[in-house]
Amino acid sequence: MATEAGDPERSVELLWGDKPPPVRGPKPALTLDGVVAAAVEVADEEGLAALSMRRVAEKLGFTTMSLYRYVPGKAELLDLMQDAAAAEIVLPAAGVDWRTGLTFSARQDWELYQRHPWMVQVTSTRSVPGPHYMAELEARLRVLEGTGLSGRETMAVANLVSQYVEGAARRVAEAQAAERTTGVSMEQWWGSRVSLWGHLTEDRYPTLARVWMAGGYDGMADDFEFGLRRVLDGIEVLIAGRDETAVRDESGGGCVTCGKPVEKSATGRPKEYCSRACQQRAYRARQAGR
């Protein structure tokens, strides 16, 4: 992964336009947008390993030093490249339900990674986000409004979807890179591992053998879509739990032990148990869990 250290404050200036452009002097031969666009083309065509300030300058027909008038180095350039790519993303329409919105957003990310596979090689842990990235995050959070999730859960769900897509895209990008480098496809490479298959015998790994014979290694028709649906199914369970809690709260609450209706308290703290027996069961359960 690309993890070169840069100046995050300079990235903020460049991404968010905090530094005013000069108003005097001759018109510059280059523009920051032009430098970034050329860098994206280099990464798309030649891979991230080929990206350098010198290579971008060569593509533009300028000297390397001329680029430093626009961007201080490769690390800041990568921040700009990621946000420039994010500008291609179409945001989900306003008013769609959360599952439709997240599905649309995830597919947009997936297609972006297919167009720009170098993006999965750039560490996002400390990349400075730009306005286009933040616009996508804003849209993703917006579709989760009204689900009953807490703030932390909302952000965790948004990150979960992003991480799933990135992981799936990285696996594809790595396979494609290996095939380009060696000229050998994944199927050919694994098919040539005869010495390995001799160790994976049915008596040693019976479950693996049964799954294998049942087509387990054939893969799904669309691995990405299959995984995305399972991720969203899990999120749906979480949201459904919040819906059930909201219904119980609106109806006056239920016993935390058995769920039966609890008589409303005229004054003081709301009751949590429908009977003394349920209260005792809850107490014993807490003691047993210590």
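Q: How are α6 and α8 oriented relative to each other, roughly parallel or roughly antiparallel?
A: Look at the angle between the two axes: under 35 degrees counts as roughly parallel. In this predicted model, helix α6 (residues 98-115) packs on α8 at an angle of about 30°, so α6 and α8 come out roughly parallel. Their axes lie 10 Å apart.

Q: Which hand does the crossing of α6 and α8 have, left or right?
A: The α6 and α8 pair crosses in the right-handed sense.

Q: Which residues meet where α6 packs on α8?
A: Go through one helix, then the other. From α6 come Leu102, Ala106, Asp109, Trp110, Tyr113 and Gln114. On the α8 side they meet Val157, Val161, Val165, Glu166, Ala168, Ala169 and Val172. Sort them by class and you get ten nonpolar residues, one polar and two charged.

Q: Now α7. At what angle does α7 pack on α8?
A: Helix α7 (residues 131-142) and helix α8 (residues 151-182) pack at about 120°, with axes 10 Å apart. That angle makes α7 oblique to α8, because 65 to 115 is the range for roughly perpendicular and roughly antiparallel needs over 145. As for hand, α7 and α8 cross right-handed.

Q: And which residues of α7 and α8 meet?
A: α7 brings Leu137, Arg140 and Leu141.

Methods
Residues are numbered from 1 along each chain as its sequence is written. This is a predicted model: local features need pLDDT of at least 70, side-chain atom pairs count only at pLDDT 80 or more; totals for chains, interfaces and linings use all residues. Side-chain values use heavy atoms; hydrogens and water are left out. Axes are lines fitted to C-alpha atoms, for helices over the stretch in contact, and angles run from 0 to 180 degrees between N-to-C directions. Helices (H or I, at least four residues) and strands (E, at least two) are DSSP runs, numbered from the N terminus. A crossing is left-handed if the near helix is turned anticlockwise from the far one by less than a right angle, and right-handed if clockwise. Contact means heavy atoms within 4.5 Å. Ala, Val, Leu, Ile, Met, Phe, Trp, Tyr, Cys and Pro count as nonpolar, Asp, Glu, Lys and Arg as charged, and the others, Gly among them, as polar.
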